[in-house]
Amino acid sequence: MSKRIPASAVNKKKRRTSLSPIHNAELPKVSVIIPAMNEAKTIAAVIRQADQVHSESEVIVVANGSTDGTAEIAKTMGARVIHLPFPLGHDVGRSIGAAEARGDILLFTDADIVIKASDLIPFAKAVEDGVDVALNKYLGPTDKHHVHSVILAKHALNIFVSSPELKGASLTTIPHAMSRKAINLIGFDHLAVPPKAQAMAIYNGLKVHGVHYVDVGRRNPRRGRTKGNDPLEALIVGDHLEAVDWLISKSNIRGNRSDLTRNRESVW
């Protein structure tokens, strides 16, 4: 009769296996950047998938004010960890991680959504094949009578920068990837405002394309939302307004768009 293994021992073995170290390449081709704030429950699985994106990759975890052991788990797994003692704000971790990245391709994902490597690889591959900014084709629910203001902002910005074919594809949506060329042109600091970074990329003639569909809306945690209110809604819409303001500063009040047949001088 075989000896029964206690459930606690099985769980301990599973945890040890899930936290087994990954290998970061000394000269990575792809840098996977994962901003994280108190994501101890998912960070190991996210790192595990990120590690499979490319044979020559590095995984960078930016623990943005985490206090639940997220940074310690990431270190145990062998990721490069940047531990910030205090949270520096939404999307700031992207800038910090990008500044530390060594790869020619930078792929961004989040620590609270486990996305399979098979859904991450197309973004890195698109950049490897010549795309500068590879976006998720996910557009969010657009068939509602009252469309979310963030979705409207994404579509409006792409129209304003003369890229209506992108529809609602946006750097505010993970996963996405960028070339080293794009990073150098945009600048690390501007990555903290994803819509502005997108406007800068398009304005400067970089190749910005939706390359693969990942339904992150269905997987996105609803933490912090009460009675349908999204605590990040105003912030993200404001980021889009900042992008429009930047574009106007580089062109004119109409963003270099035609005034058609209007003769405003004749109106008194």
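**Close-up views of the predicted model**

**Figure 1. Overall view of the protein chain.** The accessible surface of the protein chain comes to about 14,600 Å², and carbon and sulfur atoms hold 55% of that area. The model is a predicted one, and its protein chain contains 10 helices and seven strands. Of the 268 residues, 45% count as buried, and among contacts with a separation of 6 or more, 76% are between residues 24 or more positions apart.

Figure 2. Strand β4 (residues 105–108) runs antiparallel to β6 and is joined to it by four bridges, with L106 standing opposite M178. Strand β5 (residues 133–136) is likewise antiparallel to β6, through two bridges, and here A134 stands opposite A177.

**Figure 3. The aromatic pairs.** Two aromatic pairs are found in a search of the whole structure. Y138 and Y213 form a tilted pair, 6.2 Å centre to centre with 50° between the planes; Y138 lies in the loop between β5 and α6, and Y213 in the loop between β7 and α9, 75 residues apart. Y138 is buried at 15% relative accessible area, whereas Y213 is partly exposed at 46%. Y203 and W246 form an edge-to-face pair, 5.3 Å centre to centre with 85° between the planes. Because Y203 belongs to helix α8 and W246 to helix α10, this pair ties together parts 43 residues apart in sequence.

**Figure 4. R94 and the ring of F108.** R94 lies over the face of F108, at 4.7 Å from the ring centre.

Notes. Residues are numbered from 1 along each chain as its sequence is written. This is a predicted model: local features need pLDDT of at least 70, side-chain atom pairs count only at pLDDT 80 or more; totals for chains, interfaces and linings use all residues. Side-chain values use heavy atoms; hydrogens and water are left out. Two strands pair if DSSP finds at least two bridges between them. Buried means under 20% relative accessible area, exposed over 50%, partly exposed in between (1.4 Å probe, protein chains only). Contact means heavy atoms within 4.5 Å. Accessible areas come from the Shrake-Rupley method with a 1.4 Å probe; for residues, only the protein chains shown count as cover. Rings of Phe, Tyr and Trp (its six-membered ring) pair if their centres lie within 6.5 Å; planes under 30 degrees apart count as stacked, over 60 as edge-to-face and the rest as tilted. A charge sits over a ring if NZ of Lys or CZ of Arg is within 6 Å of the ring centre and within 35 degrees of the ring normal.
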